[in-house]
Amino acid sequence: MVDFIVIGGGSTGCTVASRLSEDEGASVVLFEEGPRDRSPYIHIPGAYYKTAQGPLLKRYAWEPTEDQQRSDTPTMVQASVLGGGSSVNAMIYIRGVPADYDGWAEQGAAGWSYKDVLPYFKKAEDNERFCNEVHGVGGPLGVSDPINIHPLTKVWLRACQQYGLPYNEDFNSGQPEGCGLYQITAKNGFRSSAAVAYLAPAKSRKNLTVKTGCRVLRILMQGNKAVGVEYLEKGVRHVMHADKEIVLSSGAINSPRLLMLSGIGPAAQLEKHGIKVVQDLPGVGQNLQDHIEISLVYELTGPHSYDKYKKPWWKLMAGLQYALFRQGPAASNLIEGGAFWWGDKAATHPDIQYFMVVGAGIEEGVDSVPGGNGCTLNLGQIRPRSRGYVELYSSDPMSPPRIVPNYFSDPYDIESLVDGCLVGEQIMAQAAFKPYVARRHVPDASVRSREAMKQFCHQEAHAALHPSGTCRMGVDERAVVGPDLKVHGIEGLRVADASIMPTLISGNPNSVCIMIGEKVADMIRTAR
């Protein structure tokens with residue numbers, strides 16, 4: 001018997017477990033299905049391309065809509081390693097805009113407006129450059145400027161300004177519009193994942209146990225009270241009970257899946273799979289949202305990108321530079337610059353986010369180019385209107401879930417993404433960038449018209465891997481958790497991760513997941 005069980009060692013789970021264990025009188029156990037974060041590729045920023053494609057990810061097939069006409073079986077990946085997405089992502093530190101959170105409050109999430117969540121962003125943050133009304137220092141999470149900025153990133157930022165985008169010193173000021181350099185979750189040349197930032201300093205605490213390689217199969221219920229978990233460790237089933245609370249932090253795919261396996265969810269679906277209904281909550285698994293992205297790949301006129309470091313000699317040089325000085329390409333997250341701008345010019349806030357990837361083939365699914373020297377302009381529609389769902393295929397806890405994101409089911413999203421592509425092409429055609437581009441490689445030269453670009457997006461757009469919303473926070477009959485993140489109708493159980501977001505924030509959500517962890521831990525400790 002322990003006081004608290006936290007299910008899922010991702011960004012939110014690590015934060016919650018660490019903060020709860022600060023109380024010496026509280027015993028905390030954190031379960032993570034994946035391994036410890038021992039791979040050196042996790043901690044070297046420039047090895048992001050390794051973590052983004054490697055064995056620390058679990059792949060889930062998702063079902064495209066009829067309009068998408070795909071020849072492949074598209075997948076989305078979720079991290080399976082201590083630290084979750086914060087251990088394998090591109091480390092980009094973004095919060096969205098204040099209206100994102102004010103919108104949550106307007107939808108019934110009282111206490112989650114921008115003024116309510118800002119103190120928790122600041123509490124988490126140790127920013128190397130900013131210390132002001134919106135940024136904090138001294139928190140666990142290292143936030144820094146890229147140590148290495150490739151010359152091509154600077155060229156692209158000049159091209160953005162030639163096109164008409166203002167330069168933005170701080171995308172997290174509350175006004176993200178414009179182009180600039182991303183801040184990243186790194187410190188002293190190393191990745192600052194949630195595991196590094198929150199768990200590593202707590203490793204000596206005797207009241208915190210971190211169990212990796214353990215898959216939670218279901219939450220144990222006594223009536224309408226969550227009392228423990230059944231989990232699988234090295235092929236053997238075990239049971240652990242919680243005296244106070246269970247916090248479910250398994251992400252927007254697996255949190256609703258685990259709730260449904262435990263009898264909490266849409267009654268008709270549970271009964272179809274022979275699962276005893278503990279609490280009929282029709283909103284579990286619904287309201288799935290994700291950003292949808294597309295990649296424009298360009299062949300360069302010479303070795304103007306990080307692609308040259310794929311050659312053994314250059315790779316050795318980069319390794320030595322990093323090992324000796326914590327500088328050079330290995331200190332870069334490879335996506336140093338970006339922008340927020342409008343596809344839909346009538347939108348109140350930017351709805352397109354750009355990522356200048358200084359290479360081709362860095363991100364999974366993006367091919368290299370003839371000659372081997374390329375760059376990728378990745379862009380995403382960050383204010384999606386389409387909604388999908390997650391449901392069960394069966395009552396077998398080892399079975400993957402069914403994921404139907406319904407990308408582009410609202411025509412607004414595809415039209416906005418195409419607008420973003422057209423703006424991106426114009427940026428790449430500016431005088432500053434012209435000397436470096438030989439040709440556009442993806443899509444090929446046959447894609448010229450708006451309609452052709454639209455067809456390309458339907459066929460080739462990929463999940464941004466920011467799923468959210470499937471255990472929505474609110475007070476209406478379709479909400480799954482209340483503003484205190486307690487599951488409606490259930491005692492002793494909260495959900496805390498991206499699944500509780502009523503609407504997805506307009507940007508990379510990792511920092512938001514850490515903020516959620518800070519806030520729910522504060523709620524739990526205050527309630528005691």
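Which residues line the largest cavity? I started there. The model is predicted, so I noted the limits: local features need pLDDT of at least 70, side-chain atom pairs count only at pLDDT 80 or more, and totals for chains, interfaces and linings use all residues. Residues are numbered from 1 along each chain as its sequence is written, and side-chain values use heavy atoms, with hydrogens and water left out.

**Cavities**

I looked up the rule before the answer. A cavity is a set of points, on a 1 Å grid over the protein atoms alone, where a 1.4 Å probe fits but cannot get out; lining residues have an atom within 4 Å of a point. Points are joined across faces, edges and corners, and a volume is the space filled by probe spheres set on them.

I searched the whole structure and found 2 cavities of 30 Å³ or more. The largest cavity holds about 60 Å³. Its lining is Leu-288, Gln-289, Asp-290, Ile-292, Pro-384, Ser-386, Pro-405, Tyr-407, Phe-408 and Asp-413. I sorted that lining by class: 6 nonpolar, 2 polar and 2 charged. Here Ala, Val, Leu, Ile, Met, Phe, Trp, Tyr, Cys and Pro count as nonpolar, Asp, Glu, Lys and Arg as charged, and the others, Gly among them, as polar.

The second largest cavity has about 50 Å³. Its lining includes Tyr-93, Arg-129 and Glu-169. That lining has 6 nonpolar, 2 polar and 3 charged residues.

**Cores**

Next I checked the nonpolar cores. Such a core is a set of buried Ala, Val, Leu, Ile, Met, Phe, Trp, Tyr and Cys residues joined through side-chain atoms within 4.5 Å. Buried means under 20% relative accessible area, exposed over 50%, and partly exposed in between (1.4 Å probe, protein chains only).

The largest core has 81 residues, and Leu-259 and Leu-493 touch the most other members. Apart from it lies another core of 52 residues, among them Leu-300 and Trp-342.

**Aromatic pairs**

Last, I looked at rings. Rings of Phe, Tyr and Trp (its six-membered ring) pair if their centres lie within 6.5 Å; planes under 30 degrees apart are stacked, over 60 edge-to-face, and the rest tilted. I count 14 aromatic pairs by this rule.

Phe-31 and Tyr-231 form a tilted pair, 4.6 Å centre to centre with 50 degrees between the planes. Phe-31 is buried at 1% relative accessible area, and Tyr-231 is buried at 6%. Tyr-309 and Trp-314 have ring centres 5.6 Å apart and planes at 80 degrees, so this pair is edge-to-face. Trp-314 is partly exposed, at 33%.

Terms used:
On a 1 Å grid over the protein atoms alone, a cavity is a set of points where a 1.4 Å probe fits but cannot get out, and a pocket is an open set with protein on both sides within 12 Å along at least five of seven lines; lining residues have an atom within 4 Å of a point.
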